Number of protein chains: 2
Amino acid sequence: MDKYYIKVAMRNAEKSRGKCSPNPFVGATIVKDGKIVGEGNTQPYGQDHAEIVALKEAKDQAKGATLYVTMEPCCHYGKTPPCTDAIIKAGIKRVVVGILDPNPAVSGMGVQTLKDAGIEVSVGYSEDEINEQLEYYLCYITKKRPFVIWKTALTLDGRYAASDGSSKWISNESSRKYVHRLRSQVDVVLAGVNSVNMDNAMLNARGFRNINQPLRVVLDPTLQINLQSAIVKSAKDFPTLILHHSSDPETIYRLDDMGVEHLQIEGQDDVLDLDLVLDVIYERKLNSILLETGNRLSEAFWHQELVDKCFIFYGNKILGGDKSSLRNYDRGGIDKAVELSKIRFRRLKDNVMVVGYPQY
Amino acid sequence: MDKYYIKVAMRNAEKSRGKCSPNPFVGATIVKDGKIVGEGNTQPYGQDHAEIVALKEAKDQAKGATLYVTMEPCCHYGKTPPCTDAIIKAGIKRVVVGILDPNPAVSGMGVQTLKDAGIEVSVGYSEDEINEQLEYYLCYITKKRPFVIWKTALTLDGRYAASDGSSKWISNESSRKYVHRLRSQVDVVLAGVNSVNMDNAMLNARGFRNINQPLRVVLDPTLQINLQSAIVKSAKDFPTLILHHSSDPETIYRLDDMGVEHLQIEGQDDVLDLDLVLDVIYERKLNSILLETGNRLSEAFWHQELVDKCFIFYGNKILGGDKSSLRNYDRGGIDKAVELSKIRFRRLKDNVMVVGYPQY
C-alpha cells in the first residue's frame, strides 16, 4: 500500500503546483489503521509545508500513524520551523519518503533526523514520477538555474507564421487555453521585444480562477519596447521586468513611471547573454521559465542547449513558405537530430500537443 | 438493429480492402430471425461480389431473410452477373443498403430492380462512414480520376531531410510498417525519379502476409532512372511503370529488357503533366495512388490541389535547417492556410501520425 499512498500524496501535491514557489510543491498523506487521517500540500511561500498541513488535520490521530510525503521533510529553519520537529512531536511512527531533497540544507539530513528520533523511515517510492513532478525545483537546486520550457505553436508543416508574417492563430482555442494554464504554473514567462511589439501580447495567465501570475520578463537589449504596448500598460497590475544593456535615460524614466521594472545586464547589439538572463531569474528565486519567444530568440536558447522541456502545439493548418521553425538551428545530419525523451501526445480538439525533453 | 448489421457488413468489407480493385470493397450480412446466416465481402476482380458470397453461405436460409449491404447491389452484367438477380432468386425479403452506387451503370437502378421484384428496400445507413470507407472508389467514379493520398515523414519541426540531405530514418519502425500497410491498400505507389535514384527505395509492400502489391509508377520526364536501382532490378517481380516524355531509344530498350513498362506522355523539361499522369492511371482502372514523392513533386500535387487525403508521420526529431516541407507551396497568409477536415491522430510509439482531408 505504500506505493498507493505515495500516489495519493503526489495527487495532493498537484494542488500547489505553481502556487508555492520557490518552495517545491510537496504532498503529504497520513494513514492510521488503513485510513487516511490527514492530507496536505505545500502552502504559499512562508506558510505551512505539506507535512504540517497534514499533521494539523490528523491532530491526535497522528500518534502511531504513517506519514507519506513526496519529498524528504525539511530539518532546517527557513521561513518556517523544521518539519522534522513537528513530525517527531506528533508521534508519527513511520515516514515513507518519495525522494530525498537535493537541497544541501536538507539532503538526507531530514531523514537522518527522523531516524535519530526512533522513527522508521523508508525512502524511494515513485521516484521517476516525483522527479518529473518536481522538475522545476530539482533543476533550480541542482543546476542552479531555472528550468526552461520552450513552447511553440506550429502548423502541420512546421511553420511558426505565414510568409506575410501573420500567425494569429495557428493553434486553436483549446491549445491556447492550455498555454494559459502553463503560464500559471511557472514563475516566469519570457519573450523577446520583437514578439512583444509585434503581437502586443499580454503574456499573463487568463481564463482560470485562483490563478498564479508569472513574472513577465522581456529581453529588450536596446530598449525598443513600444511604451504603448499592452504589456507595458498593464505593468502595474502584472509584474514586468525588462532586461537590457541600454542606458537610454528617457525610456528608463518612462518605464519607471509606468511601473515596469528594468535591469541592465551585459550584452551586445541586439543580443543579451542568456546565461546572465537565467542568473538574474535564479537570483530572484524563480525556478521556471516558459519561453514564448519568437523564432530567433528560440534558436539562441536551442543553440545554447538551454531548453529543458518543450511543448509543441500543432495547429490544423498547412501554410508553406519560408517561416520554418528553428531554421538556423541546423543540426546538419539526421544522426545529429535532437530527440525528445519521455515524448507524450495529447489531442486538443483538432490540434495535437507534443511534450518531451530534448536530448542534445 | 439495422445500424448494427450495417456495421457488421462494413467490418466484413474491410477484409477486401485493397484486394478487389477496381471493384469497390463491399460487405454484406444476411440476417434471419435475429441470427446472422450469411456474410460476405467482395472477392478479387472477376469473382463473386459480397452479396453472392453471403447468399452462398446462407443457402436456403436466405428465403425471407434481410440482406444488409454497404453499397447498392449491381444490376448489370460486368465481369459477373447482376447481384440483384441472385438476391431476388434467393427469396430475400428485405434489403438494407448503406449508400447508393454512383456508378452510372447502377446508381439507383439496383434498388429499383429489387423494389420492382417486390422486395422492401431501405437506403441510407452509416453513410458518412461508408463514404469514407469507399473513398477511393467514389472518387474514381465521380471525379473520373484516382484518389490521391500524400504520405510524408517529417521531423517535429517540419523537415523532410537534414541539411546534408540525409533522411533515413525520420520516422520509426512502427510508422514505416504502417506505410507498408498503406501501400498494400492502394492500387498505385507513385514517386519521382529523384527519390528513386537517391533513396534506392523498392516502394513495394512488405511485412504482411497475403499482401496486395501496388503498381509502382515512377515519374521520370527525361528518363534519368538509374538502371541499377532496386526498383528497376525488381521490375520482373513487382509491376513497374515509368512515365516520361523522352525518346531515348537506348534507355527504352534497356527498360524493356529489364521488364519495366514505360509510357510516353506530354511534358516539358523535367516536368510531366500531372493531369495526364492521373488519366493514365484512371484508364487502367486503378482507383488510388499513394504519393511517396520528394518535396518538389509533392509541391506540384499540392499546387494543383490534387491531394485528397494526407498521412503525415512525425518522427521524434528536431533537425533545423532549410529542408522544410512544402516550402514553395506558399499560402501567403494565415487566413489562406489549408486545413484538414476529419483530422485524426494516432500514436505510433514515439511517433504520431496525422490524417486528414485538405480543404483548399
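**Exercise 1. Decide whether Glu339(A) counts as buried, partly exposed or exposed, and find its salt-bridge partner.**

Step 1. Glu339(A) has a relative accessibility of 34% and therefore counts as partly exposed, given that buried means under 20% relative accessible area, exposed over 50%, and partly exposed in between (1.4 Å probe, protein chains only).

Step 2. Its partner is Lys317(B), the closest N and O atoms being 3.2 Å apart, where a salt bridge is a side-chain nitrogen of Lys or Arg within 4 Å of a carboxyl oxygen of Asp or Glu.

Step 3. Lys317(B), at 12% relative accessibility, counts as buried.

The model is predicted, so local features need pLDDT of at least 70 and side-chain atom pairs pLDDT 80 or more, while totals for chains, interfaces and linings use all residues. Residues are numbered from 1 along each chain as its sequence is written, chains are lettered from A and ligands numbered from 1 in the order in which they are written, and side-chain values use heavy atoms, without hydrogens and water.

**Exercise 2. Describe the salt bridge between Glu120(A) and Arg94(A).**

Step 1. The two side chains meet at 3.3 Å, N to O.

Step 2. Glu120(A) is partly exposed at 47%, whereas Arg94(A) is buried at 15%.

Step 3. Salt bridges that share partners join Asp2(A), Arg94(A) and Glu120(A) into one network.
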